[in-house]
Amino acid sequence: MASRLYHQVKQEVEPYCFPQFPTIDRSLCYSNSSHGSHFSLKNSREHYCTLESSSANGSHTVYNSSSNVSFSPNGSPMSQKESQSYPSDLHYSPDNTYGSPISGSCITDDVSDLRDKLRELETVMLGPDSDIIGSTTSPEMNSWGLVMDAISGGDLKQVLVSCAKAVSDNDLLMAQWLMDELRRMVSVSGEPIQRLGAYMLEGLVARLAFSGSSIYNALRCKEPASVDLLSYMHILYEVCPYFKFGYMSANGAIAEAMKDEDRIHIIDFQIAQGSQWITLIQAFAARPGGPPHICITGIDDSTSAYARGGGLNIVGKRLSKLAEHFKVPFEFHAASISCCEVQQEHLGVRPGEALAVNFAFMLHHMPDESVSTENHRDRLLRLVKSLSPKVVTLVEQESNTNTAPFFPRFLETLNYYKAMFESIDVTLPREHKERINVEQHCLARDVVNIIACEGPERVERHELSGKWRSRFRMAGFNPYPLSSLVNATIKTLLENYCDKYRLEERDGALYLGWMKRDLVASCAWK
């Protein structure tokens, strides 16, 4: 049965699933007009950064609550005073690749010129025989030298790190200067590090302006039209194997645990569009001896509800129609409630059912003991354990951003999403007209939240698999063995993608990575 688990019957299934989206056309290009992509951050408590994009005019507008910042035509933040004082005919040149302002640094436009000016000042103040600027004995001067070398060498990653360190140290003068330099280096339409840098710079600006939560909330509620957001999510699902990997590994564990059961109840704590269950329903339909009775309880989240354009009844109807087509006895229960509010009575567990629980890309949103004394992250695990499930599946991003202080969290986010953006760059052509929308609406808001927010307002709180393992063991769970057949099937899936993806099994979990960086981990418990 497991060998059939991921067999796609597209012509039969697609009419019963989800709206069809246009196939990615590699000949499509994103038109970057003469005025480029424009962002503006207005000094208003009522308008926030939305990273909304308009394919019609190639503009990208940002509204911020309290920061006096706007975004230059390369998609990077600039101070409002600077944006008002840059006549386009004086500060932009056809040779300036990303349309960034040629001038605007609060200190100087030329790194070597700055060094000369500092040395001249040293000579005047200390005499011609002094050599403070050239000395390597001062850690501060060493740090300063690294920053200057990074700027002169165009090392965007190092400049981002230096800016984050200045923000962490509350060195506002240095932070502002480096932000000015970064604005000329980042671009939402450039290399992967330039695109990621634009969003990380926005997070730094928002952090200094104490507007991170406002931006994140606006990003979640001022979405594009629901059909467009669903299309962007669909594109990301198709071009990157991360979600397919997570769903396939979880479904494989569920199918293995339920192979002899006649009545199956699956509780999905973030059902989204319900697409994870399409292949599982097909697999159970082909089971020797006939399919089991399947009940799925879906718990909703606001982003998915918006993308669907309606409530969970939409998911229930689609899955019911699919199950009917494959002659699988099926029922769907909708639980339109926040996971933080879920209690046992909301789950509809009945005697005689074999229970499976699915946590796919959602537990990291639950506040833990570092945020709230209620500790919903561990509370949910204890609640699920009390239901005596046959299997519990966990799929999470392999990143450590939960309790880490700001600066190490920034470094972790930079390294993690750099690998993510590089993998997107390989599969989705840079000139593809929807790539900017996909990155902005599906990834950028998470980056901003991780960098700019603290306390309960920081909801993107990822943990490494080792920490998840400790939480599950503390709740009374034991590891459920991974299926070698499913692992082999996932390896076959990866053959359709870039050879820089890698799959590794260790410590009872399956890891999908890009080059040397683990990105997603999947495991099962009982």
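Helices (H or I, at least four residues) and strands (E, at least two) are DSSP runs, numbered from the N terminus. By this assignment, the protein has 19 helices and 12 strands. The model is a predicted one, in which local features need pLDDT of at least 70 and side-chain atom pairs count only at pLDDT 80 or more, whereas totals for chains, interfaces and linings use all residues. Residues are numbered from 1 along each chain as its sequence is written, and side-chain values use heavy atoms, with hydrogens and water left out.

Of the 526 residues of the protein, 56% count as buried, a class defined by a relative accessible area under 20%, with exposed meaning over 50% and partly exposed the range in between (1.4 Å probe, protein chains only). The accessible surface comes to about 22,400 Å², as given by the Shrake-Rupley method with a 1.4 Å probe, where for residues only the protein chains shown count as cover. Carbon and sulfur atoms hold 51% of that surface. Among the contacts (heavy atoms within 4.5 Å) with a separation of 6 or more, 73% come from residues 24 or more positions apart.

Aromatic pairs were then considered. Rings of Phe, Tyr and Trp (its six-membered ring) pair if their centres lie within 6.5 Å; planes under 30 degrees apart count as stacked, over 60 as edge-to-face and the rest as tilted. A search of the whole structure finds 11 such pairs. One of them, formed by Phe406 and Phe410, is tilted, with 6.2 Å from centre to centre and 55° between the planes. Phe406 and Phe410 are separated by about one helical turn, because they stand 4 residues apart in helix H16 (residues 406-427). Phe406 is buried at 7% relative accessibility, and Phe410 is buried at 1%.

The pair of Phe472 and Trp525 is stacked, because the ring centres are 5.1 Å apart and the planes meet at 20°. Phe472 belongs to helix H18 (residues 465-474) and Trp525 to strand E12 (residues 517-525), so this pair ties together parts that are 53 residues apart in sequence. Phe472 is buried, at 0% relative accessibility, and Trp525 is buried too, at 4%. Elsewhere, ring pairs link Tyr242, Tyr497, Tyr501 and Trp514 into a cluster.

Charged side chains also lie over rings, a relation that requires NZ of Lys or CZ of Arg to be within 6 Å of the ring centre and within 35 degrees of the ring normal. Lys385 is placed over the face of Phe477, 5.2 Å from the ring centre. The charged end of Arg506 sits over the ring of Tyr511, at 3.8 Å from its centre.

Both Arg506 and Tyr511 are among the residues touched by Asp518. Asp518 lies in strand E12 and counts as buried, at 12% relative accessibility. Beyond residues up to four places away in sequence, Asp518 touches Glu398, Tyr416, Arg502, Arg506, Tyr511, Leu512 and Gly513. Asp518 and Glu398 are 120 residues apart in sequence, yet 6.1 Å apart in space, C-alpha to C-alpha.

Asp425 is located in helix H16 and is buried, with a relative accessibility of 18%. Leaving aside residues up to four places away in sequence, Asp425 touches Pro192, Arg195 and Arg430.
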